[in-house]
Structures are given as C-alpha cells and as structure tokens.
Amino acid sequence: IAPSKTRRLSIEKLKMKPYSFLAALCLGEIFATSSETLLMPFFPGEAASRKVNSTTVGIIMASFAMVPLFLNPFVGERLGRWDKKKCILFGMFLQTTSCLLFTFCYYITDHWSFIIYSLLLRTFGGFSILIGFNACYALGSDY
C-alpha cells in the first residue's frame with residue numbers, strides 16, 4: 001500500500017498579505033493582553049481575603065513588568081536568531097497557560113503559598129509577554 005500524501009500545515013508556508021497579517025497579529029495581541037488585564041481587578045480582593053498586605057500585592061503586580069525590563073536585552077539579542085512567527089506563537093501559548101494557571105489562585109488558601117504561586121505566575125506571565133511582544137514588534141517591522 002502506498003503511503004498517502006498528506007499536506008502538513010506549517011508556519012513557514014503561511015502566505016498572507018502584509019496588512020492582513022499585521023491586522024491579525026494586532027488583534028491577537030489585543031485579545032491576549034486583555035485576557036491578562038481582566039484578571040487583575042479581582043486579585044487585590046482575593047489577596048486581602050488571604051491576609052496579604054497591599055505592599056506585597058504591589059510587588060506581585062510589578063513583577064509582571066520587571067521581568068521584561070531586566071530580560072529584554074538578552075531576549076532581544078537572541079531574537080534575531082529565532083524564528084519570529086514561532087516565538088509569537090510560543091509567547092501566546094505561554095501567556096494563555098499563565099492566565100489559566102493564575103485562575104487557580106482562588107483555590108489556594110494558605111498565605112505564603114498564595115504569595116509564592118502568584119509571584120511565580122506573574123513572573124512567568126511577564127516572560128511570556130516579553131517573548132511574544134518582542135517577536136511581534138520585530139515581525140511587524142519586517143513588513
């Protein structure tokens with residue numbers, strides 16, 4: 001029996017007009033960022049119910065922005081060697097994973113476990129934004 005010829009869908013074979021690709025990219029980033037933003041209004045209330053003070057909540061929230069601040073030079077240097085489309089997809093996958101895992105904070109009742117879990121996930125979320133957005137900007141500048 002002869003093997004059937006199947007067509008594999010690959011990112012490299014994706015052919016789109018530059019403006020439609022850029023529009024799809026922008027919409028994807030808007031939805032990804034808005035999903036992250038929608039979680040944050042509920043976090044201080046959940047943290048207060050676990051006796052986490054406001055300074056610690058601020059540190060947890062700021063860790064999301066601090067990761068890209070410190071790691072941006074290293075990732076930006078290596079981004080030229082990586083496939084930008086795959087980096088965007090990988091960053092969006094990590095960001096989705098971060099958002100989904102962050103919703104489980106509701107089930108953590110221990111004070112320190114809540115702080116550590118939240119801090120790790122916010123840091124992980126910042127790293128995913130760093131990879132996805134840098135690749136998005138680099139790819140957008142190519143068009």
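**Figure 1. Overall fold of the chain.** The protein chain has five helices and zero strands. The model is predicted, and its pLDDT averages 79 over the protein chain, with 83% of the residues scoring at least 70. Along the sequence, the pattern reads α-α-α-α-α. Of the 143 residues in the protein chain, 33% are buried. The chain exposes about 9,600 Å², and carbon and sulfur atoms supply 70% of that area.

**Figure 2. Confidence in helix 1 and helix 2.** Among the elements of the protein chain, the lowest mean pLDDT, 73, belongs to helix 1 (residues 18-39). The highest mean pLDDT, 88, is that of helix 2 (residues 43-49).

**Figure 3. The salt bridge between Glu46 and Arg50.** The structure holds one salt bridge. Its partners are the side chains of Glu46 and Arg50, with an N to O distance of 2.9 Å. This pair counts as a salt bridge because 2.9 Å is within the 4 Å limit for a side-chain nitrogen of Arg and a carboxyl oxygen of Glu. Side chains of opposite charge can pair when their charged atoms come close. Glu46 is partly exposed, at a relative accessible area of 27%, whereas Arg50 is buried, at 9%.

**Figure 4. The cysteines Cys87 and Cys99.** Cys87 is buried, with a relative accessibility of 9%. Cys99 has a relative accessible area of 10% and is likewise buried. Both values fall under the 20% cut-off, so each of these residues counts as buried. A disulfide is a covalent bond between the sulfur atoms of two cysteines. The count of disulfides in the model is zero.

**Figure 5. A nonpolar patch on the surface.** The patch is formed by Met66, Leu69, Phe70, Leu71, Phe74 and Phe127. Together these residues have about 570 Å² of accessible area. Helix 3 (residues 54-79) supplies the largest share of the nonpolar patch, five residues. Phe74 is a residue of helix 3. The relative accessibility of Phe74 is 48%, and this residue therefore counts as partly exposed, the class between 20% and 50%.

**Figure 6. Surroundings of Val75.** Val75 lies in helix 3. Its relative accessible area is 9%, which makes Val75 a buried residue. Leaving aside neighbours within four places in sequence, Val75 is in contact with Trp82, Leu130 and Asn134. Ile131 is 56 residues from Val75 in sequence, and the C-alpha to C-alpha distance between them is 7.2 Å.

**Figure 7. Surroundings of Gly126.** Gly126 is part of helix 5 (residues 111-142). With a relative accessible area of 0%, Gly126 is buried. Not counting residues up to four places away in sequence, Gly126 touches Phe64, Val67 and Pro68. The C-alpha atoms of Gly126 and Ala62 are separated by 9.6 Å, although the two residues are 64 residues apart along the chain.

Conventions. Residues are numbered from 1 along each chain as its sequence is written. This is a predicted model: local features need pLDDT of at least 70, side-chain atom pairs count only at pLDDT 80 or more; totals for chains, interfaces and linings use all residues. Side-chain values use heavy atoms; hydrogens and water are left out. Buried means under 20% relative accessible area, exposed over 50%, partly exposed in between (1.4 Å probe, protein chains only). A disulfide is a pair of cysteine sulfur atoms within 2.5 Å. pLDDT is the predictor's confidence in each residue, from 0 to 100. Helices (H or I, at least four residues) and strands (E, at least two) are DSSP runs, numbered from the N terminus. Patches are made of residues with over 30% relative accessible area and no salt bridge: like charges are joined within 9 Å, nonpolar side chains (Val, Leu, Ile, Met, Phe, Trp, Tyr) within 5 Å. Accessible areas come from the Shrake-Rupley method with a 1.4 Å probe; for residues, only the protein chains shown count as cover. Contact means heavy atoms within 4.5 Å.
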